[in-house]
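Hi everyone, thanks for making time for this one. I'd like to walk you through a structure on the screen, and please have your own copy open as we go.

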Amino acid sequence: MGGELLPPGEAGPDDVVLAWEGADVVAVRLPQLAESLDHILTALERREGRPLAELDRKAKQEIVRTLEARGAFTVRHGVETVAGALGVSRFTIYNYLHREKGR
C-alpha cells in the first residue's frame, strides 16, 4: 500500500510506532487513503492480468464489492476514480453499490 518506514523519533501524530520488547523500533507512515486507492486499483489490475476496463460486468461488480469493503468510496472522488479505472460511468458504480445493498 505504499507505507514508509521512519525512525521512531521522526514519527508524527498520524504515524504508527511499532515496539519490540518495550522499545520503539520503527514508525510506519501510511499513505493517504486517496493514494492507497490508486495502489489498490493497480494491484487489482495486476491480479486480473489486464486493464480493469476490459473486464466483463460481473467481474467489475466484484471489483466494486472488493473496493467497497476496503472503504474506497469514502474517499473524496473515490467513485469517479473507480469509474474511470473500470471504464464505466459514476451512475454505473452507484448502480453496482445499490445492487449490493439490496442483497
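Let me start with a question: is Arg-90 buried, partly exposed or exposed? Have a look before I tell you. Arg-90 is partly exposed, with a relative accessible area of 46%. We'll come back to its partner in a moment.

One thing to keep in mind throughout: this is a predicted model.

Now the overall layout. There are four helices and three strands in the chain, and starting from the N terminus the order is β-β-β-α-α-α-α. The chain has 103 residues, of which 32% count as buried. If you take the contacts in the chain with a separation of 6 or more, residues 24 or more positions apart account for 42% of them.

In soluble globular proteins, nonpolar side chains tend to be buried together. Here, the largest nonpolar core has 19 residues, and the members that touch the most others are Leu-67, Phe-73, Leu-86 and Ile-93. At least two residues of this core come from each of α1 (33-48), α2 (57-69), α3 (78-86) and α4 (90-102).

Click on Leu-67 for a moment. Which residues does Leu-67 contact, leaving aside neighbours within four places in sequence? The answer is Leu-37, Ile-40, Leu-41, Leu-44, Ala-72, Phe-73 and Val-82.

From there, please turn to α3. Its buried residues are Gly-78, Val-79, Val-82, Ala-83 and Leu-86. If you look down the axis of α3, these buried residues fall within an arc of 130 degrees, so they line one face of the helix. Just after α3 you'll find Gly-87, with a positive phi of about 70 degrees.

While we're among the helices, a word on Gln-61, which is found in helix α2. Gln-61 counts as buried, at 10% relative accessibility. Not counting residues up to four places away in sequence, Gln-61 touches Tyr-96 and Arg-99.

Now for the charged pairs. How many salt bridges does a search of the whole structure find? It finds four, and I'll show you three of these.

Back to Arg-90, as promised. Its side chain meets that of Glu-80 in a salt bridge, at 3.4 Å from N to O. This pair links distant parts of the chain, with Arg-90 in helix α4 and Glu-80 in helix α3, ten residues apart. Glu-80 counts as partly exposed, at 34% relative accessibility.

The next one is between Arg-65 and Glu-62, at 2.6 Å from N to O. Arg-65 and Glu-62 are separated by about one helical turn, because they are three residues apart in helix α2. Arg-65 is partly exposed, with a relative accessible area of 25%, and Glu-62 counts as partly exposed as well, at 36%.

Asp-15 and Arg-29 meet through their side chains in a salt bridge, at 2.8 Å from N to O. Here too the pair links distant parts of the chain: Asp-15 sits in the loop between β1 (4-6) and β2 (16-20), Arg-29 is in strand β3 (residues 23-29), and they are 14 residues apart. Asp-15 counts as buried, at 12% relative accessibility, whereas Arg-29 is partly exposed, at 32%.

Stay with the strands for Val-17, which is found in strand β2. At 36% relative accessibility, Val-17 counts as partly exposed. Leaving aside neighbours within four places in sequence, Val-17 is in contact with Pro-8, Ala-11, Asp-24, Val-26 and Ala-27.

Which residues make the nonpolar surface patch of about 250 Å²? They are Val-16, Leu-18 and Leu-30. Leu-30 is found in the loop between β3 and α1, and it counts as exposed, because its relative accessibility is 51% and the cut-off for exposed is over 50%.

Terms used:
Residues numbered from 1 in each chain as written. Predicted model: local features only at pLDDT ≥ 70, side-chain atom pairs only at ≥ 80, totals over all residues. Heavy atoms only, no water. Core = buried A, V, L, I, M, F, W, Y, C linked by side-chain atoms within 4.5 Å. Buried < 20%, exposed > 50% of the residue type's maximum accessible area, 1.4 Å probe, protein only. Contact = heavy atoms within 4.5 Å. Arc of directions from axis to C-beta. Patch = residues over 30% accessible without salt bridge, like charges linked within 9 Å, V, L, I, M, F, W, Y side chains within 5 Å. Areas by Shrake-Rupley, 256 points an atom, 1.4 Å probe, with all protein chains shown as cover.
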